[in-house]
Amino acid sequence: MSKLAPSILSADFSCLAQQIGLIEEGGAEYVHMDVMDGAFVPNITFGGPVVKSIVAKTSVPFDIHLMIEKPELRIPDFVTPQTEFIVVHQEACTHLHRVIQQIKDLGVKAGVALNPATPVCMLEHVLGDLDLVLVMSVNPGFGGQKFIPAAMDKIRLLDRLRKEHGYRYVIEIDGGVNLSNAAAIRDAGCDILVAGSAVFGAEDVPARVREFRTILSGEQA
C-alpha cells in the first residue's frame with residue numbers, strides 16, 4: 001500500500017497545528033515539510049524552530065524536504081524525535097555521499113531528491129545507500145503546479161533498479177499529485193505520494209485524506 005504525505009506548504013500557517021491535526025485525523029502517514037531558502041529555490045518557507053515547535057502537536061512522522069543550498073550546514077536543525085526522513089537535493093550537494101552519511105549518522109533515514117531535468121543516473125553510485133528517492137514532478141519552489149508526466153518514467157526506472165539490485169529505498173513523488181493521477185502514480189511503483197493543495201485545498205481535509213488513502217490502498221482503481 002502506498003502512503004500519503006500531505007505537504008504543509010499548502011496549509012494555513014496561521015493555525016498550523018490545527019491543520020496538521022486535520023491530516024492526522026484523516027490518517028495521513030507523514031507530514032511533508034518543504035524547507036526553502038530563497039536561494040536554491042525562489043521561495044522562502046520556514047526553518048528548524050518551526051519544525052521543532054510541531055513535535056508536541058502531533059504523532060505523525062516528519063518527512064523533511066530540504067530545498068536549500070549547502071544542506072549539510074542545516075541538517076542537524078531538523079533532527080527531532082519524529083523526523084523519519086531528511087531529503088536533500090542532488091543538485092545542491094557537492095559531496096552527496098558525505099551528506100547522505102551525515103544524515104544517517106544522526107539517526108535519520110536519508111533521501112535524495114531529483115529535479116525534473118536531473119536524470120536517475122546521477123544517483124547511480126549512491127542508490128544502495130539511500131532510504132528514499134524523491135522524484136520531483138514539478139520544478140521546486142511553489143505549490144499548486146501542474147504535474148510533469150515524465151516523472152512517471154523515473155518512478156518506473158527506480159522501481160526496476162531496486163528490484164534488479166535489491167536496493168531498499170522507497171520512492172516518493174512531489175508535485176501536482178491529485179485524486180485523478182494518484183492511482184497511476186501508485187501503479188508505477190511509487191510508495192509515498194506528497195500532496196499539498198489537493199489536500200489542504202479541500203473543504204473537508206480529513207475526508208480528502210481518506211479519499212487519497214482509499215486510492216492508495218488499491219481499493220479504488
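Student: Which residue in strand 4 is the bridge partner of Asp 63?

Tutor: Strands of a sheet pair through backbone hydrogen bonds, either parallel or antiparallel. Here, the bridge partner of Asp 63 is Phe 85. Strands are DSSP runs of E, at least two residues long, and helices are runs of H or I, at least four; both are numbered from the N terminus. Two strands pair if DSSP finds at least two bridges between them. Strand 3 (residues 62-67) and strand 4 (residues 83-89) have 4 bridges, in the parallel sense.

Student: What should I know about the model itself?

Tutor: This is a predicted model: local features need pLDDT of at least 70, side-chain atom pairs count only at pLDDT 80 or more, and totals for chains, interfaces and linings use all residues. Residues are numbered from 1 along each chain as its sequence is written, and side-chain values use heavy atoms, leaving out hydrogens and water.

Student: In what order do the strands of the sheet run?

Tutor: The order is 1-8-7-6-5-4-3-2, in an open sheet of 8 strands with parallel pairing. Strand 1 (3-6) and strand 2 (31-36) are the edges, and each pairs on one side only. From one strand to the next, the twist averages 25°. Angles run from 0 to 180 degrees between N-to-C directions, and axes are lines fitted to C-alpha atoms, for helices over the stretch in contact.

Student: Which strands does helix 7 touch?

Tutor: Contact means heavy atoms within 4.5 Å. Helix 7 (residues 205-216) packs on the sheet and touches strand 1 and strand 8 (192-195). Its direction makes about 150° with that of strand 1.

Student: Which residues of helix 7 are buried?

Tutor: An α-helix has 3.6 residues a turn, so residues three or four places apart point the same way. Buried means under 20% relative accessible area, exposed over 50%, and partly exposed in between (1.4 Å probe, protein chains only). In helix 7, Val 205, Pro 206, Val 209, Phe 212, Ile 215 and Leu 216 are buried. Among the elements they pack against are helix 1 (16-26) and helix 5 (182-188).

Student: What follows helix 7?

Tutor: Gly 218 follows, with a positive phi near 90°.

Student: Where is Lys 70 found?

Tutor: Lys 70 sits in the loop between strand 3 and strand 4. Its phi is positive, about 45°, although Lys 70 is not a glycine. Lys 70 is exposed, at 53% relative accessible area.

Student: How many disulfides are there?

Tutor: A disulfide is a pair of cysteine sulfur atoms within 2.5 Å. The whole structure has 0. For Cys 190, the nearest cysteine sulfur is that of Cys 121, 20 Å away. Cys 190 is buried, at 1% relative accessibility.
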